[in-house]
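Let's take a friendly walk through a protein model, one piece at a time. Have the 3D view open as you read.

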Amino acid sequence: MCGIAGVASLDGTPEPIERVVEALEAMRERGTEHGAGYAAYSPEPRGLVRARLFAAGPRDLEEAGRLLGPLLVEGPRLYRRLGHGVEVHEALLSDYPPPAAVGRRIWFLQASRFLEVWKSIGWPREVAEAYRLWGRSSPAVIGHTRYPTNSPGFQPWLAHPFTAGETVIVHNGDLSSYGANRRMISYSLGLSGFTGNDSEVIAYLVEMLYRDGLGPADIVDALVYGKGPAAARLDGPYAVIYIHGDPRGPIFSAFVDRHHFRPLYVARTETRIYVASEAAAVKEMAPGARPVMLRGGGYIVVYPDGEVEARGLTAWKEFGHPPPPPWALDASRMSRRELNQALAEMLARRGYAAAYNLRGHRYVANGLGPGRLELWGTVGNASLNLAEGLDVKIYGDAQEDLGDAMTDTRIVVYGNVGDSAGQAMRSGELHILGDAGNRLGVQMKGGVIVVRGDAGDYLAEFMAGGTIVALGRVGRYTATGMVGGKIYIRGHLPVSHIGKAPPRRQVERYIRALADRGEITREQMMKALAGQTVEELLEALGDKFRRLAKLWGVLHVGYPRAEYRYLRSEEQEELEEILRSHVKATGQPLDIEDTLNHKFTVITSVKVKPQDEGAW
Amino acid sequence: MAARVRIVNRYIPPVGGLKAPEFWDARRIARIRAAATIGLEKPLLSPVARRGRLLDRLEIEGLRPRELEALAEKLGPQGIDRLDVDVGIGFAGVRLRVPVYLGDMSFGALSGNPNIALARAADAAGAVVGVGEGGLHPEVAKSRNIVIQWASGRFGIDRYMLRRGLAVNIKIGQGAKPGIGGHLPAEKVTGEIARLRKLPPGSEALSPAPHHDIYSIEDLAQRVKMLAEFTGKPVLVKTAATNQVGFVAVGTARAGAMGIIVDGAGAGTGATPKIVRDHVGVPIDYAVPRVHDLLVSNGVREGFTLIAGGMVSAAEDIAKLVMLGADMAMMGTAALIAMGCIMCHICNTGRCPTALTNSLQQPVRLDVEWATERVTTWLRAVERSLKLIVYALGEDSLARLRGRRSLLRLYNADEAVAKLLGVELAEPGEVAWYGDPHDEPIPREVYEKAKTPVVGMGGVVPGYTTPAERPLDLLRIEAAQVTRPPVDPYREEIDIATRLPDGTVYEAPIVVPCSDPALVEAAEGLGYPTECGLLERPDAAAVPPGSEPPPGTRVVIVDEGLRGARGKPWLEEWIVRLDDSYWRDGIRETVALVALGGFRHSADVYKLVALGADLVSARRSLERLRVKLSGLDADRRREAYENALIELGWELRLLMGAGGLTSVQSLRGNRWLLRSLDGRVARMLEVDVAGY
């Protein structure tokens, strides 16, 4: 639950930890004063294990002395006082403490040769101050601001980051797999005590997998795609950034769950990779850099030698922006309330409002309209919701949930949009020149969306009405649960990316069983096995499809039917009108005639009526 | 040819009588009807029960039922009204006379006239009513004490409507179906309903299981703040009672919401998959104490309203919930009963005989005046009972009883449950209520159409409001609410394919008995494992619960049929022991653990897999189906079996999706997803007690 941020150096030069503090402070909305923390790559000079632990009284120290005694080289000594009677003590050890020591009444902040971890109760800045982190720097830094949900918010050891050996993680999310992960860890490592915070298991899993010899990409395969030990698979929402300490330097990595339930944005400069939960926070660390999204199931790794490996990053694209008018509001010094109030007043007074330097301000212009609105910068989450009759231009990116339930509103985004843009929009237009996140147009009820760049997974999920035109690439599970409206995707979208189907293995097995029993002919079988879509199977199997259809479950409510073909004349007319309006609204040239002559994947919603005849 | 419309303006006999095992039995219905007629609840206090809800096993110390009745008799309604006792509560800027939030029943779920009656009664009696997700009925809009709902489908929402009413309620989930979305079929989206929901007539109205902008607590906080700033009104959050709900409440309070509605298991609904209603989420009496405690310990209790719902039937329930830590109660089913509901559980069909949940095509209408009068009178009765209880305890306001658990004594429960409640245990016993197996017939829609059974209304929590058959029944399945999103199995992928250590892949962890060749064929066609197929494997061995398999066995089959189901240890207990020992020995990943027993549905499969089994037989339901189908030819039997097996798969996915699980890989051994209503069962099966 929370906001996370990190930075990795590509040339080995250190980055001030303060950079991450600023990124977290820019995401205060994601956190509370109930916990924050940092970790950095920082080898212990003599190669010893630097153990730091929380102590809330002399008994804790005695216990620690007893547990660590045999390994003790130096200390323990007081490292920091955190207030409320909690202190952090440091001991230098000759080796890692036994797992049994970890989490038995004593909570370790860390026990590592290459890492340092600082965490406590408080806002990010307060925690950085408590540990006197100003002026410190490292080639790899991560940080976390906490909005607690599955454990109390007043115990410092429940703050992030969480460490296990040479792995330290920050996590935004809540694991539904927690019980299974924990069980495996407790038996594999002989661990008995857990904090109860689900995030902790990720640190243990990553560390275990490194010890098993896996590399960062294999670890993503195991955790995200379930290709390792069964109980190592993570389920539920997660965005994770971690550092793994290695003698050669830090391995810095970030990954996101396959559904993209949690966002991560990435920016790359000559010498750095920046990662954070919000685009605005990335821009806080790297003002000139352009943040892009890390898609569901994607990851990025920075190796000790500065090599970068990534999967699922959206493209880096630049868009020209005109300068704001001289009378426009400078949002950089305004709170979101001040900004919204000023915009509302401007709209009421002159029907035209403008603001620049938006830094992730949320709820921008919600419920406003009619009128004309222009925005420069990064528009924060849940903006332009319930807008009515607005004509909007956004010169920059917009984060999650733009235009929710809007009516008669036209939005042009000269940049990227985050997840769930256009959710439940009733009418109006949404034009996106860059890329869109997941669930663009989810449960859209009417109006038009045009996306020039790429769209993520679950495009038009639950779509009930309106038209979506996607001119770039489109992700998986497109139009799943669609019950109305129409989607035009330029080019070919494979059947495997449309809707949701039962496992192919099971479908084929069932078709073969039908043939084995003589219920269908061999010809029918071959045809059905070659068929991919509901229509093809229906054609091959005829009435027998009725039985197979139950594996889909809701074909009678509606499912997406896709055709890859040239547009029909009435479709060309519809699309031409939309694209003309798009070019007019955006001012971005597009060869409309050429586009209309492309082949499209045209998706509509149809139903398979349940048939009542037959055996029953 | 307009059909003659029948006007409903009187009570008709309830369906169940006392024999139907459910919470809303004839006794409770009679009590509400009497209250709605004469303005006094009779009896005021029920005797402490040996089974049923914890609320029923709780006694309020110092209250003697007879004395209270005598006091009521002496004072009479007017006398009670004159008592200088305040049972009201401040709510979103108004003062309510009675701390009751009438549950969020939409126009569409109810047929219009009941919505009007509820809204008018709320104004008249000083309660508040949530309008549900269905747009704002123009007659309801005239009432003052209404709460607007912001739900996942955004139906009917616009910037004007949101600013009506006293407050806005973000509906995350409900007790009757935690983690499950909604679907109003196209044929019901007509006329006024379509117009108010702002949908084209004849379109399918889907409400996603999660809000697709709320996948975490910080997302919820974002929406709370957005709606608060947008409407200028207080914001409520409504969520089903889960084990994590206390933390959700704290997060909700920190976001600046005015309160949280926690809706417990057994709560009413227009339609819910039966399997979810019966097994997901926790009852409200388990949830409230911990929510209150966590709010207090995190310093956010004051000024935050905790509204408790789910099988709340009378003033004495409200008083006990307040003593456990709530501020007010949500009541839905009770209000429907006051308007004539007979508990026939067919709300989902649109053919409600009492004109409450009927589709508008049906030629029956509820008499608005009559219904308004009934609900108003009933609310007045609840207010009077509360006044009497508070008065008899020597206090002058209900608010002063909040969190006063020292006034409660718990009977016939165990220490662990008493500790959860923070209440003195007056008489030890067990929560679990075991009884004879109550075999329900397999509905036709299961074996004819592979459709998951859907029912209306709540009132069923196995082992709690109805008898349990075995310890497994006392386990509640966790749902995802707020901290992570539930997953809709029909639109998003939930992988139930199960891989054994040797690489064999089955399409479901559901084992099929070999009692009919047609059944085996059905299983093989779908890729489900069969009992005989597993037994034939050279590395397999079958043992009864309590016995160790020979060393080196790779497919360990524990079959309670080898011994008789009711001996000790229970099969579920033995699965837990074996799973533990294989983990301890470091061989868990090389062994497949198979539980063969008299299991009835996918909730059993879910629970056993979460306890540690790889594969589980649904032996009993399929055996019953075999008996039912005997006499039919093999083809028809096979098709019926196929449907039943496919349906079991959907049920399993529904339960997993409700908890935000997308793969059976993450379910196996995930005991964190289970909680026990009974302390002894919790220890036996190594899970926590519900509410933690």
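In strand 8 of chain B, which residue is the bridge partner of B:Val147? It's B:Ala167. Keep in mind that what you're looking at is a predicted model.

**An open sheet**

Chain B also has an open sheet, made of three strands in the order 2-17-18, with mixed pairing. At its edges sit strand 2 (58-60) and strand 18 (424-428) of chain B, each pairing on one side only. Neighbouring strands of this sheet are turned by 30° against each other on average, direction ignored.

In which sense do strand 2 and strand 17 of chain B pair, parallel or antiparallel? They go antiparallel, over three bridges, with strand 17 covering residues 408-413. To spot this pairing, look for B:Glu59, which stands opposite B:Arg409 in strand 17 of chain B.

As background, strands of a sheet pair through backbone hydrogen bonds, in either a parallel or an antiparallel way.

| Strand pair (chain B) | Sense | Bridges |
|---|---|---|
| Strand 2 and strand 17 | antiparallel | three bridges |

**Where the chains meet**

Now for the two chains together: 71 residues of chain B are in contact with 78 residues of chain A. Several helices of chain B give two or more residues to the side that touches chain A, among them helix 7 (245-254), helix 15 (517-526) and helix 20 (634-658). The largest share of that side, eight residues, comes from helix 6 of chain B. Sorted by class, the side of chain B that touches chain A has 23 nonpolar, 22 polar and 26 charged residues.

**Domains of chain A**

Chain A is divided into domain 1 (2-43 + 121-313), domain 2 (50-113) and domain 3 (504-551). The centres of domain 2 and domain 3 of chain A, taken over C-alpha atoms, are separated by 64 Å.

Key. Residues numbered from 1 in each chain as written. Chains lettered and ligands numbered in written order. Predicted model: local features only at pLDDT ≥ 70, side-chain atom pairs only at ≥ 80, totals over all residues. Pairing = 2+ DSSP bridges. Helix = DSSP H or I, 4+ residues; strand = E, 2+ residues; numbered from the N terminus. Axes fitted to C-alpha atoms, helices over the stretch in contact; angles between N-to-C directions. Contact = placed C-beta atoms within 7 Å. Nonpolar A, V, L, I, M, F, W, Y, C, P; charged D, E, K, R; others polar. Domains from an automatic or database assignment.
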